[in-house]
Amino acid sequence: MENITRDIVIAYGQHLQSQLEAGEHASASAPKNYVSAVNAVMKLATHGEWKSIFPGRDCGIQKRIYIATENKAATDAGHINAQRAAGDRISSLLALQRAFGLRFKESALLNAKAALKEAKIKGFISVKTGTKGGRKRTVPCSPAGITALEQAVTVQDERSMVPKTMTYVEFRQECYAIAGENGFVFHSERHAYAQARYRGITGAPSPIEAGWPRKERFNKLAEYLNINKTDAKEIDKSARQIISIELGHSRVEITNAYLG
């Protein structure tokens, strides 16, 4: 506790905000409560000398559903650079997250051997372990997905991607430390998946990828696909519903954080 600084707590709050943007929290209440809890403990530990961190002003924790205005997807070059810097096991996690839109925990606890067998037979993988709220789902498997799974199998020890000598928590801490040292973010691969799926389903880039203003997205999509605005709205809605399910969310609005 002696090493806890304002900068550390603000960084923690910003991490919570990134989770909020990705739909890891149903509302801003939980992240705000976490930051408030840290404030309360630190005030007790410092006999009232701790200067409180404000969740909104200092950490940027939003009150409403987040609509992305900045593209946070990992580029192809960024993905490759991260893989080169991180080593074989983390490289495999990044590939799995990019190919299937997995959260970090889902990729770490995935049984790649079983998933590869399922993908070759059924054309999709079942995501069961480490999911938010225990909600199971299936995700279609592309050729890139097969490659990612084959790569993962080569480094898998037992029934998951976690080394047999470590607990999941220890592995997560090591992975995030390496990511921080090398300047990449795991969740950016999930953004990349969502945007690639949107393009694959609609035949057009997502608003955030194309740089289309939120209010003009349907007009821009209609123009891009050479269709009317009504049809563009339906195509966009259908794509977001599919992607929301594949990402393991219950609300279509969550796709705003990934697609704009």
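Reply: Start with the element names: helices (H or I, at least four residues) and strands (E, at least two) are DSSP runs, numbered from the N terminus. This is a predicted model, in which local features need pLDDT of at least 70, side-chain atom pairs count only at pLDDT 80 or more, and totals for chains, interfaces and linings use all residues. Residues are numbered from 1 along each chain as its sequence is written, and side-chain values use heavy atoms, with hydrogens and water left out.

Me: Where is H47 placed?

Reply: H47 sits in the loop between α2 (29-45) and α3 (76-86).

Me: What is the phi of H47?

Reply: Most residues other than glycine have a negative phi. For H47 the value is positive, near 55°. N226 also has a positive phi, near 60°, and belongs to the loop between α11 (217-225) and α12 (229-246).

Me: Is H47 buried or exposed?

Reply: Buried means under 20% relative accessible area, exposed over 50%, and partly exposed in between (1.4 Å probe, protein chains only). H47 is exposed because its relative accessible area is 74%. N226 counts as exposed because its relative accessibility is 70%.

Me: Is A86 buried or exposed?

Reply: A86, in helix α3, counts as buried because its relative accessibility is 12%.

Me: Which residues is A86 in contact with, leaving aside its neighbours within four places in sequence?

Reply: Contact means heavy atoms within 4.5 Å. With those neighbours set aside, A86 contacts S91, I178 and F184. The C-alpha atoms of A86 and N182 are separated by 7.7 Å, while the two residues are 96 residues apart along the chain.
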